[in-house]
Amino acid sequence: MKTSSRSLVELRAAIDQVDGKILALLSERGHLAHAVGELKRAEGESRFYHPDREAEILRRIMQENPGPFTDAQVASIYREIISAGLAQEEALQVAYLGPAGTFSQMAAQKHFGRSAAFQPTGSIPEIFRMVDGGQAQFGVVPVENSTEGSVNLTLDLLLDYPLQICGEVQLRIVHNLVANIPMEQIRKVYVHYQTRAQCRQWLATHLPQVELVDVPSNGVAAERAVQDPQGAAISTTVAAETYALNILQAGIEDNPENTTRFLVIGKILTRPTGQDKTSLVVAGINRPGSLHALLSPLADAHISLTRIESRPARSAVWEYVFYLDMLGHCQDSDLTPVLDALAAQSSFYRCLGSYPKAVF
Ligand SMILES: O=C(O)C(=O)C[C@]1(C(=O)O)C=C[C@@H](O)C=C1
């Protein structure tokens, strides 16, 4: 559309008109989502939240996006529209690793939108306990980082609790040095161990003499920096804002592609969307070639294994369980027989869930 010949007054009048139309359409969409809710209620369905349907909507929006906004921008706008509509029907309780300002909170908001009811917790085990006990319907837990690898605690807890993985979130992790004092006055840096590992080189180069103090989360790091007149923290921009700290240096992670993958845990099953993942835990019979035997049904059926991770089995010394992530849904006709074959080869087999791949 040609805009350059129009005056500022004309352009603003046109924007006001478009806003009126957007508002009317938003209202229409809200009423339709409410009608879906009424229908579900009439049919006795207690659940309004359908992550599979949401993933399909977001993918279609991104595919049909005419610009000028990026796909991620339109997806995040739609994420909020869906979230606001859903909140009219059902207040989703979502537990994450708090306090406010952590990456877990950012991941939870990216997945559920800001209209869900978020509950900060003190630890990852507490998130599992809350979801298992019904105090939260869903939990968001970190599972792997592209620089540092697995979050072993999460892997172990996935085995300990009878919960389902019902979604995944990928979050670009940007770390910032934050403080209310200049760099030269910093004597202590409060930092979460995962963050510390992701900023190792930067810290060694720029703050080699400073004491690094371990804290349980990036949010607590910011909290502690506020209380210490010689302290700084490595934290998120949200935490810097929340605790009124200045960003002394942004983006201090050693790997500029640093990304963390989070899982959404709950008690629901999702239906196939055509772009899904399935997560399993398996153990082979303890003899030579058992891992090869376990994986060969996947290779034979050309199923893409996106991740394999081993952990001590904890039931016996020097025995291991394998965490496998693969493309596809357990109800997909090409994956079902493969999973059956894999289960038959295993001394232990559990499907942790099939869920839509992260959308944006
Ligand atoms: O389609 C549904 O089942 C709805 O409830 C509507 C809607 C939406 O706003 O599009 C809302 C919440 C669900 O999680 C998925 C979709």
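How many aromatic pairs does the count come to? The answer is five aromatic pairs. Keep in mind that this is a predicted model.

**Stop 1**

Select Tyr49 and Phe112. Their ring centres are 5.5 Å apart and their planes stand at 40 degrees, so the pair is tilted. Now colour by element. Tyr49 sits in the loop between α1 (8-42) and α2, while Phe112 belongs to helix α4, so the pair ties together parts 63 residues apart in sequence. Are these two residues buried or exposed? Both Tyr49 and Phe112 are buried.

**Stop 2: another tilted pair**

Next, select Phe128 and Tyr161. This aromatic pair is tilted, at 5.6 Å centre to centre with 40 degrees between the planes. Phe128 lies in helix α5 (residues 124-133). Tyr161 lies in the loop between α6 and β5. The two are 33 residues apart, and their pair links distant parts of the chain. Phe128 is buried, and Tyr161 is buried as well.

**Stop 3: a charge over a ring**

Select Lys110 and Phe360. Lys110 lies over the face of Phe360, at 5.1 Å from the ring centre.

**Stop 4: the largest cavity**

The structure holds three of 30 Å³ or more. The largest has a volume of about 180 Å³. Which residues lie nearest its centre? Select Leu58, Arg79, His111, Glu168 and Val359; the whole lining has 17 residues. Elements giving two or more residues to this lining are α2 (51-64), α4 (103-112) and β5 (164-172). Colour the lining by class: 10 residues are nonpolar, two polar and five charged.

**Stop 5: the second largest cavity**

Move on to the second largest cavity, with about 60 Å³ of space. It is lined by 13 residues, and Leu155, Ser279, Arg307, Tyr323 and Asp325 are the closest to its centre. Show α6 (152-160), β11 (259-266), β12 (276-284) and β14 (320-327): each supplies at least two residues of this lining. Which element gives the most to the lining of this second largest cavity? Strand β14 does, with three residues. By class, this lining divides into nine nonpolar, one polar and three charged residues.

Conventions: Residues are numbered from 1 along each chain as its sequence is written. This is a predicted model: local features need pLDDT of at least 70, side-chain atom pairs count only at pLDDT 80 or more; totals for chains, interfaces and linings use all residues. Side-chain values use heavy atoms; hydrogens and water are left out. On a 1 Å grid over the protein atoms alone, a cavity is a set of points where a 1.4 Å probe fits but cannot get out, and a pocket is an open set with protein on both sides within 12 Å along at least five of seven lines; lining residues have an atom within 4 Å of a point. Grid points are joined across faces, edges and corners, and a volume is the space filled by probe spheres set on the points. Helices (H or I, at least four residues) and strands (E, at least two) are DSSP runs, numbered from the N terminus. Ala, Val, Leu, Ile, Met, Phe, Trp, Tyr, Cys and Pro count as nonpolar, Asp, Glu, Lys and Arg as charged, and the others, Gly among them, as polar. Rings of Phe, Tyr and Trp (its six-membered ring) pair if their centres lie within 6.5 Å; planes under 30 degrees apart count as stacked, over 60 as edge-to-face and the rest as tilted. Buried means under 20% relative accessible area, exposed over 50%, partly exposed in between (1.4 Å probe, protein chains only). A charge sits over a ring if NZ of Lys or CZ of Arg is within 6 Å of the ring centre and within 35 degrees of the ring normal.
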